[in-house]
Amino acid sequence: MSWETRFSLAGKTALITGASSGIGAEIARVFAQAGADIAGHGRDAPRLAALGEEVESEGRRFVAITGDLGDTQQTESVAIQALAAFEKIDILVNSAGVALTGPVIDYDLADWQRTMAINLTAPFILSKALLPGMMERQEGKIINISSQTGVIALKDHAAYATSKGGMNALTKSLMTEAAPYNVQVNAICPTVVLTEMGKELWSAPEKKDPFIDRTPLGRFGEPVEIADMALYLASPASGLVNGAIMMIEGGYSSI
C-alpha cells in the first residue's frame, strides 16, 4: 500500500461537529481534500453553507446539519441526520466545544452544566449512536478534539479542564470496547489554537506572554496543524494507534 493510499480517506464519510468555524471547519476541508464526504454540524448555517461550497469544490459531498449540542435531543438528531444522509459514518470527529472560563468561586452553575453538555455529554451521545455501525462493519474511527487543559492545570479553566479530562477518560474507555472490532478511538490535546475563539481568549499580552514563555516552541497552534493530526488518525496509517491522548502543544507539558 503506497503512502498516498495509507493517508487517503477516499470512499469514507465523516461527521464533524463544530464544523462551522475553527478547528472543525479546517478538519472538514482537510478531510475533503483527502477524499471524504462530509456531514458538517454547526450552529451557523451561513458558515456551514460556505464550507459546503469548499468541500464540494473538491468533488466531495457535503451535508449541513444544524443543532445545539447542549440539548440531548438535538444531539441525537445530529447522528440521525448524518446516518440518513450517508447511510453509514466511517469517522466521527467530536470537535464542537465551548470555553466558558472563570474562577470557581464566581463560576455560574449554568455555565458549568452547559460546558459539560457540549464538551462531554454530546461526544458520548454521538459515539453511542455511531459506534454500533462501526463495530458491525469492523472498521471505524472516533477522534475527540480535547485540550492540553485536560492533562495540565490552567487557572480559571476548571469547567473546561474537567470536561476535557472527562473526554480523555471517555476516549480510553471507548477504546477498550471498540478495539476488538477494529475501531480506533483517540484524542488530540492541542495548545491554544489561533481560531477566532482562541484569539479572543488569548490576545491580551498579560495572558498570552507567560503561556508562550512556558512553551519551548514559543508559539500557539494553527488550525491546520490540528486538522493534519486528525487526518492521520482518520486514515489507515493510524491503524495501530488506539486510546492515545496526543499532546500537540509545543512541549509545554514536557517541562
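User: Which residues of α2 are buried in this model?

Analyst: In this predicted model, the buried residues of α2 are Ile23, Gly24, Ala25, Glu26, Ile27, Ala28, Val30, Phe31 and Ala32.

User: What makes α2 largely enclosed by the rest of the structure?

Analyst: Buried means under 20% relative accessible area. Nine of the 12 residues of α2 are buried, so the helix counts as largely enclosed. Those buried residues pack against β1 (13–16), β2 (37–42), α3 (45–57), β4 (91–94), β5 (140–145) and α9 (223–234).

User: How do you know that the span of α2 is close to the one expected?

Analyst: Helix α2 covers residues 22–33, which is 12 residues. After the helix comes Gly35, with a positive phi near 110 degrees.

User: Why is α2 called roughly parallel to α3?

Analyst: The two helices pack at an angle of about 15 degrees, and their axes are 9 Å apart. Angles under 35 degrees count as roughly parallel, so α2 is roughly parallel to α3. On the α2 side the contact is made by Ala25, Ala28, Arg29 and Ala32, and on the α3 side by Leu51, Glu54 and Val55. The crossing of the pair is right-handed.

User: Why is Gln148 called buried?

Analyst: Gln148 is placed in the loop between β5 and α6 (158–178). The cut-off for buried is under 20%, and Gln148 has a relative accessible area of 2%, so it is buried. Beyond its neighbours within four places in sequence, Gln148 is in contact with residues including Cys189, Phe211, Met247 and Tyr252.

User: What makes the pairing of Gln148 and Thr191 a polar contact?

Analyst: A polar contact needs a pair of N or O atoms within 3.5 Å, one able to donate a hydrogen and the other to accept it. The side chains of Gln148 and Thr191 make such a contact at 2.8 Å.

User: How do you know that Asn186 counts as buried?

Analyst: Asn186 sits in strand β6 (residues 183–190). Its relative accessibility is 1%, so Asn186 counts as buried under the 20% cut-off.

User: Which backbone nitrogens lie by polar atoms of the Asn186 side chain?

Analyst: The backbone nitrogen of Ala244 lies 2.8 Å from a polar atom of that side chain. For the backbone nitrogen of Asn242, the distance to a polar atom of the Asn186 side chain is 3.5 Å.

How values were computed: Residues numbered from 1 in each chain as written. Predicted model: local features only at pLDDT ≥ 70, side-chain atom pairs only at ≥ 80, totals over all residues. Heavy atoms only, no water. Helix = DSSP H or I, 4+ residues; strand = E, 2+ residues; numbered from the N terminus. Expected span 1.5 Å × (residues − 1). Buried < 20%, exposed > 50% of the residue type's maximum accessible area, 1.4 Å probe, protein only. Contact = heavy atoms within 4.5 Å. Axes fitted to C-alpha atoms, helices over the stretch in contact; angles between N-to-C directions. Parallel < 35°, antiparallel > 145°, perpendicular 65-115°, else oblique. Left-handed = near helix turned anticlockwise from the far one by under 90°.
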